[in-house]
Amino acid sequence: MQPWIAPSVLSADFARLGAEVEAVLEAGADLIHFDVMDNHYVPNLTIGPLVCQALRKYGVAAPIDVHLMVRPVDRIVPDFAAAGATFITFHPEATEHVDRTIALIREHGCRPGLVFNPATPLDYLDYTLELIDMVLIMSVNPGFAGQQFIPTSLRKLEDARARIQASGREVRLEVDGGIKTDNIAATAAAGADTFVAGSAIFGSRDYAGTIREMRRQIAGVTGKGRPVATPIGVRRRRAR
Ligand code: DX5
Ligand code: ZN
């Protein structure tokens with residue numbers, strides 16, 4: 001699978017969110033990572049379906065990767081589906097019935113994924129890997145942008161990659177938290193193919209330069225990572 005770069009809007013300038021998203025897509029991002037926090041499951045409060053819908057109305061046609069850090073999960077799933085989410089990932093500890101939540105996301109036409117906190121074992125995948133399209137390994141504790149990468153995440157990425165390989169299914173392996181140009185190669189070597197980066201991209205002056213360097217680093221260990229000739233979706237833009 002081609003590597004995907006997923007800028008997290010958490011580090012964007014929210015007063016100019018549409019333009020920021022347009023800018024990272026023009027700079028070569030593949031999908032938009034959308035962090036939803038509820039001040040309950042995690043100690044921070046961010047954005048909801050209205051903002052996702054606003055990005056679609058603005059003209060963003062790229063896939064939107066909704067990362068739910070909320071409890072409960074099910075209530076909000078249909079709202080995000082209606083708001084234009086592509087992927088919806090959630091933390092298994094945050095829902096009563098993991099299998100039911102996965103089915104709910106699928107029924108609403110979105111692609112489900114499970115998210116693993118640093119201390120959460122991968123056992124939840126034993127009976128769900130055949131049902132999901134993404135495994136997200138948190139390389140920080142969820143809640144804030146700009147935290148330090150937790151090195152044990154590399155071993156967990158390797159374990160998750162082995163499970164995906166054994167399943168024979170096309171499941172994206174995403175890593176989220178503290179990803180920078182100087183550690184992205186290690187995560188790619190450990191098996192990640194989808195890379196969330198918030199502060200590293202939005203905190204840089206040159207979005208395109210940062211994304212290009214990330215791809216160069218990934219290509220150094222996988223041989224993949226140059227920009228794909230045909231983007232996976234229309235990358236942009238304003239429908240007005
Ligand atoms: C953390 C979020 C991340 C965060 C990443 O809870 O899930 O997506 O925005 O930000 P950086 O890349 O700055 O660690
Ligand atoms: Zn996230």
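User: Which residues are linked with R106 in a network of salt bridges?
Analyst: R111, D133 and R169 join R106 in that network. Keep in mind this is a predicted model.

User: OK, take D133 and R111. How far apart are the closest N and O atoms?
Analyst: They sit 3.1 Å apart in that salt bridge. The pair links distant parts of the chain, 22 residues apart: R111 is in strand β5, and D133 is in the loop between β5 (111-116) and β6 (134-138).

User: And is D133 buried or exposed?
Analyst: D133 counts as buried because its relative accessibility is 7%, with the cut-off for buried being under 20%. R111 comes out at 33%, so it counts as partly exposed.

User: Switching topic: what does D193 pair with?
Analyst: D193 forms a salt bridge with R161, with 3.0 Å between the closest N and O atoms. That one also links distant parts of the chain, 32 residues apart, from the loop between α6 (184-189) and β8 (194-197) to helix α5 (residues 153-167). Both D193 and R161 are buried.

User: What about E213 and R216, how many residues apart are they?
Analyst: Three, within helix α8 (residues 207-222), which means about one helical turn separates them.

User: Last one: how many salt bridges in the whole structure?
Analyst: The search finds 11.

Terms used. Residues are numbered from 1 along each chain as its sequence is written. Chains are lettered from A and ligands numbered from 1 in the order in which they are written. This is a predicted model: local features need pLDDT of at least 70, side-chain atom pairs count only at pLDDT 80 or more; totals for chains, interfaces and linings use all residues. Side-chain values use heavy atoms; hydrogens and water are left out. A salt bridge is a side-chain nitrogen of Lys or Arg within 4 Å of a carboxyl oxygen of Asp or Glu. Helices (H or I, at least four residues) and strands (E, at least two) are DSSP runs, numbered from the N terminus. Buried means under 20% relative accessible area, exposed over 50%, partly exposed in between (1.4 Å probe, protein chains only).
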